[in-house]
Amino acid sequence: MIRKTLFTATLASLVAAFSLLALVPTTYAQDDPSAPIKNLSFQNAEIRSVLNFLADYGQVNIVTSPDVQGTVTLSLKRVTWREALHILAKTYSLTAVEENDYIRVLPTDKYLDEVSRLEKHKFEQEKMVDLETKVLKIDNASAADLQKTVAPLLTERGKVQVDQRTNNLVVRDVPSNVDRITTLVDKLDHATEQIKIATQMIEVSTSKLQEYGIDWSSTGFKVTSSGKQYNQESNAKLNRVSDPAGSFKFSTVQDGWQLEATLAALVADGNGKVIAHPEITTVNNKEARIQMGQKVPVKQFDQAGNVVITFEEVGTLLRVTPHITESNKILMDLSPERSSYQFDPNGVIINTSNAQTQIVVNNGQTAVIGGLTTQDLTDNKTGVPILKDIPLLGALFTYNQSRVENRDLVIFVTPTIVTSDDMSESGGQGDEGN
């Protein structure tokens with residue numbers, strides 16, 4: 001009986017050994033350790049022997065924990081030794097940890113316990129170590145903005161404050177964490193690109209818009225070099241108001257369109273009127289706000305019933321938030337708004353139309369916002385010369401002519417990335433939109 005048992009055990013060992021030896025001709029024929037293993041097949045093989053085989057094939061050091069025991073059954077084709085190690089570890093609840101120049105294999109539950117103990121030890125050490133205080137000089141960014149980024153990275157004992165006078169950060173934490181925060185702040189504190197936004201607001205006859213290279217029907221999307229897609233809409237949805245002042249449309253001017261020359265000709269012909277030509281410079285991803293209009297006093301009542309007068313801004317408002325893309329194009333978040341007011345027995349009624357959309361343009365290309373139509377009623381009094389000026393009788397030789405003309409408020413927005421040369425020419429000064 002004893003001989004039979006020994007024979008069975010010996011036979012099982014021989015089968016496992018032959019299963020490993022059978023792989024030698026097919027696997028070690030590859031000189032490149034990263035080459036896939038053509039056929040990796042084990043049947044009830046000792047797991048430590050399999051790990052040793054993978055270590056030899058990959059020419060790496062694998063240290064196996066004493067807790068790793070048992071047999072494995074695998075049948076894989078054309079896998080690298082790393083893929084085979086990953087499959088083996090995941091299937092049999094093991095974890096392979098790469099440390100320096102070797103790979104350590106241990107049961108997953110043991111690894112999790114180990115990590116937990118290390119974290120607990122690290123936490124206890126942080127409670128005992130003396131805190132370090134360091135002043136981080138901020139040259140380009142806002143210290144208040146960086147404070148929001150740094151705060152979640154502090155330990156329980158750490159603090160970060162902003163010195164408003166010098167725009168610096170004062171960090172107090174364990175020395176190791178102060179070093180990490182210093183490295184992060186150095187990477188984040190870099191000069192932010194600026195964009196100059198030139199705007200022209202023109203009142204132009206509706207019939208003249210199509211003659212000057214503006215195509216309101218263009219729709220679609222823009223794809224950047226990184227594969228990111230931005231929608232471009234020609235008609236943006238309005239807020240639902242009872243009496244909208246009009247509707248907005250978005251487009252870009254045609255390539256080669258000379259904006260200044262065309263607008264000058266438009267105004268010279270009497271078909272357009274320049275309302276304003278503001279320019280503003282803002283940093284990348286910061287909103288620029290341009291407004292033309294007036295403040296209308298509106299009476300309101302507080303909780304005590306007292307009359308409180310507030311001033312509502314009425315007119316034309318444009319909010320632009322530029323984003324520089326990877327391909328050096330400019331994505332603009334455009335939010336135009338136009339409002340008017342009228343008196344009512346109950347107070348003041350403010351009619352507002354607004355829209356919000358995104359559009360991608362090239363550096364220096366012009367985006368057009370239009371479609372907000374107004375009607376101008378003109379009265380012309382004409383008559384027979386001399387006779388029309390006779391009192392009373394002059395009415396017989398005079399007549400009034402009324403004419404309604406549709407006019408559009410068209411806003412041209414041209415974003416341009418400010419280069420270092422532009423900054424040096426202007427002395428590094430510019431208005432930042434708030």
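Mentor: Gladly. This is a predicted model. Start with Asn100, which counts as exposed.

Trainee: Why is Asn100 called exposed?

Mentor: Its relative accessibility is 85%. Exposed means over 50%. Therefore Asn100 counts as exposed.

Trainee: Where is Asn100 found?

Mentor: Asn100 is in the loop between β4 and β5.

Trainee: What makes Asn328 partly exposed?

Mentor: Its relative accessibility is 42%. Buried means under 20% and exposed means over 50%, with partly exposed in between. So Asn328 counts as partly exposed.

Trainee: And why is Val162 called partly exposed?

Mentor: Val162 has a relative accessible area of 22%. The cut-off for buried is under 20%, and for exposed it is over 50%. Val162 falls in between, so it is partly exposed.

Trainee: Where is Val162, and which residues does Val162 touch?

Mentor: Val162 sits in strand β7 (residues 159–163). Leaving aside residues up to four places away in sequence, Val162 touches Ala143, Ala144, Gln147, Asn168 and Leu169. Take Ala144: 18 residues separate it from Val162 along the chain, yet their C-alpha atoms are 6.3 Å apart.

Trainee: Which residues of helix α6 are buried?

Mentor: In α6 (residues 143–150), Ala143, Leu146 and Val150 are buried.

Trainee: How do you know that the buried residues of α6 line one face of the helix?

Mentor: Look down the axis of α6. The buried residues fall within an arc of 60 degrees, so they line one face. Their cover includes β7, β8 (168–173) and α7 (175–188).

Trainee: Which residues are buried in α4?

Mentor: In α4 (residues 81–91), the buried residues are Trp81, Ala84, Leu85, Leu88 and Ala89.

Trainee: What puts these residues on the same side of α4?

Mentor: The arc they cover around the axis is only 130 degrees, so they sit on the same side of α4. On the other side, His86, Lys90 and Thr91 are exposed.

Trainee: What covers the buried residues of α4?

Mentor: The cover includes β1 (37–46), α3 (47–58), β3 (71–79), β4 (94–99) and β5 (102–107). Just after α4, Ser93 takes a positive phi of about 55 degrees.

Trainee: How do you know that the span of α3 is close to the expected one?

Mentor: Set the two values side by side. α3 has 12 residues and reaches 17 Å from its first C-alpha to its last. At 1.5 Å a residue, 16 Å is expected, and the reach is close to that. After α3 comes Gln59, with a positive phi near 55 degrees.

Trainee: Which residues of α3 are buried?

Mentor: They are Ile47, Val50, Leu51, Phe53, Leu54, Ala55, Tyr57 and Gly58.

Trainee: What is the order of strands in the open sheet of three strands?

Mentor: The order is β2-β5-β4, and the pairing is mixed.

Trainee: Why are β2 and β4 called edge strands?

Mentor: β2 (62–64) and β4 each pair on one side only. Neighbouring strands of this sheet are turned by 25 degrees against each other on average, direction ignored.

Trainee: What makes β4 and β5 a pair?

Mentor: Two strands pair if there are at least two bridges between them. β4 and β5 have six bridges, so they pair, and the sense is antiparallel.

Trainee: Which residues have the most contacts inside the largest nonpolar core?

Mentor: They are Leu40, Phe42, Leu54, Leu88 and Val105, in a core of 26 residues. β1, α3, β3, α4 and β5 each supply at least two residues of this core. α3 gives the most, with seven residues. A second, separate core has 20 residues, including Ile197, Ile290, Leu318 and Met332.

Note on methods:
Residues are numbered from 1 along each chain as its sequence is written. This is a predicted model: local features need pLDDT of at least 70, side-chain atom pairs count only at pLDDT 80 or more; totals for chains, interfaces and linings use all residues. Side-chain values use heavy atoms; hydrogens and water are left out. Helices (H or I, at least four residues) and strands (E, at least two) are DSSP runs, numbered from the N terminus. Buried means under 20% relative accessible area, exposed over 50%, partly exposed in between (1.4 Å probe, protein chains only). Contact means heavy atoms within 4.5 Å. The arc is that of the directions from the helix axis to the C-beta atoms. Axes are lines fitted to C-alpha atoms, for helices over the stretch in contact, and angles run from 0 to 180 degrees between N-to-C directions. The expected span of a helix is 1.5 Å times one less than its number of residues. A nonpolar core is a set of buried Ala, Val, Leu, Ile, Met, Phe, Trp, Tyr and Cys residues joined through side-chain atoms within 4.5 Å.
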